[in-house]
Amino acid sequence: MNICTLTVFCPSTRGIVAAISGHLAERGCNIVDSAQFDDLSTGRFFMRIGFISEEGRTLGEIEDGFGTIAAPFDMTFAFHDGRERMKVLLMVSRFGHCLNDILYRWRIGALPIDIVGVVSNHLDYQKLVVNHDLPFHHIPVTKDNKAAAEARIMEIVDGTKTDLVVLARYMQVLSDEMCRTMAGRIINIHHSFLPSFKGANPYKQAFERGVKLIGATAHYVTAELDEGPIIEQDVARVTHAQSAADYVSVGRDVEAQVLSRAIHAHIHHRVFLNGSSTVVFPASPGSYASERLG
């Protein structure tokens, strides 16, 4: 059974749901899950609908004519075929916990994506990536070659038709130009100690200050460093009896889980940009067994 998805956002007004559901019904579709949110503070409406065709129609046939429905509401909409997987490019530096976690979930089918390759400014994980039969691109980055290195990354993005770039602890700051070009298509992960503990050894700083909660944040990348729209967050509790090394271990686990959940939400079209924030719809019960990623 192929569950397709329709995503919609537009100014809030009456009649949107009726118009959308009526169009799908007229084309022999059955809605299997639906989520919507009316942002009263901004006057924006967001909706995600999962549906199946009970008459064997193609997605193109179902979409045909929807533009006339959308125009009066000033809708931005997209139809997504449930059989199509997003092409994802992973980027990593010297911390491999998120990369390992993503590769494992991809291998067992918990993250249904097509990984088009892994980019790294170091060689630490070349063997790991090659052993997964994936392309490995070693692109060293220095102060003098940063623009050329980024241009090479964009060549890979364009050449592989990458839908999503995941910074799995890639420790280089991307240029404003790349952030703008790839807006809404780059996800980053970092610890949630910012802005209190900046720079080197944030977990050591947190340990020395007696922090009791360790968190991680996954967000879309923007030109404002580590301040993009947040997709997913989580925390884990620590105590005085644990060491700074324990803090690092706990933090890495949280980072890996949060990043995988953010990727999962994005590839299933559950994330909507809403200004500097996001609307993230939960997965429908029973829609896929891999949702419990943590």
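**Exercise 1.** Determine how far apart the centres of domain 1 and domain 2 lie.

*Solution.* The centres, taken over C-alpha atoms, are separated by 32 Å. Domain 1 covers 4-81 and domain 2 covers 87-280, with bounds from an automatic or database domain assignment. The model is predicted: local features need pLDDT of at least 70, side-chain atom pairs count only at pLDDT 80 or more, and totals for chains, interfaces and linings use all residues. Residues are numbered from 1 along each chain as its sequence is written, and side-chain values use heavy atoms, with hydrogens and water left out.

**Exercise 2.** Describe the interface of domain 1 and domain 2 by its contacts and buried area.

*Solution.* Begin with contact (heavy atoms within 4.5 Å): 12 residues of domain 1 touch 7 residues of domain 2. Next, take the buried area (accessible area, 1.4 Å probe, that two parts lose on being put together, summed over both). This amounts to about 680 Å², with 69% given by carbon and sulfur atoms. Finally, Phe46, Arg48 and His80 lose the most area on the side of domain 1, together 61% of what that side buries.

**Exercise 3.** State how many salt bridges the rule finds across the interface of domain 1 and domain 2.

*Solution.* Apply the rule for a salt bridge (a side-chain nitrogen of Lys or Arg within 4 Å of a carboxyl oxygen of Asp or Glu). Across the interface of domain 1 and domain 2, the rule finds 0 salt bridges.

**Exercise 4.** Identify the residues that UniProt lists for "domain: ACT".

*Solution.* The unreviewed UniProt entry lists residues 5-85; such annotations may be inferred rather than shown by experiment.
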